[in-house]
Amino acid sequence: MKYGRCECGGKIVERRIKYLRRFRGQLFEFDNVPVGVCMECGERIFKGTVLERLEQLTNQRQIFRKKRVLSVGVYTL
Ligand SMILES: [Zn+2]
């Protein structure tokens, strides 16, 4: 799946970033999240499948008793 073009017309390049997001009122930190970043304006574009995956990871509650950092690097899109 391609990111296409940003609204500003800039080129979008995939990066792996650290991403903080709140699910069900709890803040989670995700490592190595694939995201499209516009080279012109810096806009971040997330694929729907990535966001779904992040939410799935937050359902694995046993992980968060130790540490709330999740890596999605093993997940191939
Ligand atoms: Zn842009």
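This is a conversation about a predicted model of one protein chain.

Visitor: What does the secondary structure of the protein chain come to?

Guide: In this predicted model, the protein chain has 1 helix and 4 strands, and reading along the sequence gives the pattern β-β-β-α-β.

Visitor: And what is the mean pLDDT of the chain?

Guide: The mean pLDDT is 81, and 77% of the residues of the protein chain reach 70 or more.

Visitor: Which elements have the lowest and the highest mean pLDDT?

Guide: Among the elements of the chain, strand β4, which covers residues 69-71, has the lowest mean pLDDT at 58, whereas β3 has the highest at 92.

Visitor: How many of the residues count as buried?

Guide: The protein chain has 77 residues, and 6% of them count as buried.

Visitor: Let's turn to the strands. In which sense do β1 and β2 pair?

Guide: Strands β1 and β2 pair in the antiparallel sense, and the pairing runs over 11 bridges. Two of the bridge partners can be named here: R16 has P34 in β2 as its partner, and I17 is partnered in β2 by V33.

Visitor: What sits between those two strands?

Guide: β1 and β2 form a hairpin that has 2 residues between the strands, and in this hairpin R24 takes a positive phi near 50 degrees. R24 is placed in the loop between β1 and β2, and its positive phi is found although R24 is not a glycine.

Visitor: Is R24 buried or exposed, and why?

Guide: R24 counts as exposed because it has 8 C-beta neighbours inside 10 Å, and the cut-off for that class is 12 or fewer.

Visitor: How far is N32 from R16?

Guide: N32 and R16 are 16 residues apart in sequence, and their C-alpha atoms are 4.8 Å apart in space.

Visitor: Moving on to β2 and β3, how many bridges do they pair over?

Guide: β2 and β3 pair over 2 bridges, in the antiparallel sense, and V37 stands opposite R44 in β3. The two strands form a hairpin with 5 residues between them, and G42 in the turn has a positive phi of about 85 degrees.

Visitor: How far is G42 from K11?

Guide: The C-alpha atoms of G42 and K11 are separated by 10.0 Å, while the two residues are 31 residues apart along the chain.

Visitor: One more residue, R21. Where is its place?

Guide: R21 has its place in strand β1, which covers residues 12-23. R21 counts as partly exposed because it has 15 C-beta neighbours inside 10 Å.

Visitor: Which residues does R21 touch?

Guide: Not counting residues up to four places away in sequence, R21 touches F28, F30 and L54.

Technical notes:
Residues are numbered from 1 along each chain as its sequence is written. This is a predicted model: local features need pLDDT of at least 70, side-chain atom pairs count only at pLDDT 80 or more; totals for chains, interfaces and linings use all residues. A residue is buried if 20 or more other C-beta atoms lie within 10 Å of its own, exposed if 12 or fewer, and partly exposed in between; C-beta atoms are placed from the backbone. Two residues are in contact if their C-beta atoms, placed from the backbone, lie within 7 Å. Two strands pair if DSSP finds at least two bridges between them. pLDDT is the predictor's confidence in each residue, from 0 to 100.
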